[in-house]
Amino acid sequence: MNKFIRKTKGILEDVFGLFFPNTCMGCGRPLYRGEAVICSLCHFHLPKTYFHNDPDNPLNKAFWGRVNLEMAAAYLYFQKGGVVQHLLHQLKYQDHPEIGITIGKWYGKELNWASEFRYADLIIPVPLHRRKLRKRGYNQSQMFAEGLAAVMKAGTDTGCLYRKVHSQTQTRKARYNRWENVENIFALRNGHKLEGKHILLVDDVVTTGATLESCAQALLTVPGVKISVATIAFASS
Ligand SMILES: [Zn+2]
């Protein structure tokens with residue numbers, strides 16, 4: 001783009017912004033030129049876990065003895081009433097898929113420095129049941145996956161792993177029930193396509209890890225598959 005067009009585009013964006021200000025999804029303040037979706041200040045203050053650098057991190061440990069993973073990490077700490085909860089709520093329920101993509105790009109850049117993640121071949125989001133997908137219009141975990149794939153070497157796959165049972169929303173259920181509800185609700189089609197692949201399995205938020213564990217169990221039935229897990233947020237249970 002030449003200098004004139006670039007300058008004109010900048011001015012037009014500024015004028016447009018006067019009438020339709022783009023605001024930060026984290027704090028609601030108007031975004032400056034060059035910022036998108038989440039402002040630099042919110043980005044800077046996000047409660048990062050740095051789990052991807054630490055095999056002894058609490059999320060990875062939570063899977064020990066349950067399912068065989070290479071490594072599990074979450075980008076951010078989930079705090080009730082905090083900015084992460086606010087962002088996830090808008091991503092999931094307020095029709096803002098761009099939040100997932102933005103956060104995916106940020107986290108992907110960090111994961112490219114961690115050996116358990118940078119060599120992943122394929123990124124697979126935890127699938128929604130097709131009925132829920134139709135209702136929401138998009139899968140929030142897939143948006144995160146798209147963001148990761150935009151900066152990592154791996155592509156995404158949403159065709160092989162699917163949710164065969166339309167489960168009721170988990171938040172309304174007693175905690176002990178959550179474990180029973182996710183067993184055997186995921187299945188594979190064309191599983192041979194995944195043979196020998198290192199899969200990065202991703203979700204928006206992880207609490208007990210039961211859903212991810214169930215997905216991983218289904219994926220691990222394919223010969224030669226290795227799995228790492230990455231989520232946007234980690235809520236300690
Ligand atoms: Zn902000």
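The structure is a predicted model, in which local features need pLDDT of at least 70 and side-chain atom pairs count only at pLDDT 80 or more, while totals for chains, interfaces and linings use all residues. Residues are numbered from 1 along each chain as its sequence is written.

**The chain as a whole**
- The chain has 10 helices and seven strands; these are DSSP runs numbered from the N terminus, with helices being H or I of at least four residues and strands being E of at least two.
- Of the 237 residues, 37% are buried (20 or more other C-beta atoms, placed from the backbone, lie within 10 Å of the residue's own; 12 or fewer counts as exposed, and in between as partly exposed).

**The sheet**
- Five strands make an open sheet with parallel pairing, in the order β1-β7-β6-β2-β3; two strands pair if DSSP finds at least two bridges between them.
- Strands β1 (71-77) and β3 (155-156) are at the edges with a single partner strand each, so one side of each has no neighbour in the sheet.
- Inside this arrangement, β2 (residues 122-125) pairs with β6 in the parallel sense over four bridges, and isoleucine 124 stands opposite leucine 201 in β6.
- Helix α4 (residues 83-93) packs on the sheet and touches β1, β6 and β7 (226-234), with its direction at about 105 degrees to that of β6.
- Helix α10 (residues 210-219) also packs on the sheet, touching β6 and β7, and its direction makes about 160 degrees with that of β6.
- Touching here means contact, with C-beta atoms placed from the backbone within 7 Å; angles run from 0 to 180 degrees between N-to-C directions, and axes are lines fitted to C-alpha atoms, for helices over the stretch in contact.

- The axes of α5 (residues 97-111) and α8 (residues 140-151) come within 6 Å and cross at roughly 40 degrees.
- The two helices α5 and α8 are therefore oblique to each other (under 35 degrees is roughly parallel, over 145 roughly antiparallel, 65 to 115 roughly perpendicular, and the rest oblique).

**Two positive phi angles**
- Most residues other than glycine have a negative phi.
- Valine 37, in the loop between α1 (3-19) and α2 (40-45), has a positive phi near 70 degrees; valine 37 is buried, with 21 other C-beta atoms within 10 Å.
- Asparagine 190, in the loop between β5 (186-188) and β6 (198-206), has a positive phi near 50 degrees; asparagine 190 is exposed, with 9 other C-beta atoms within 10 Å.

Key
Contact = placed C-beta atoms within 7 Å.
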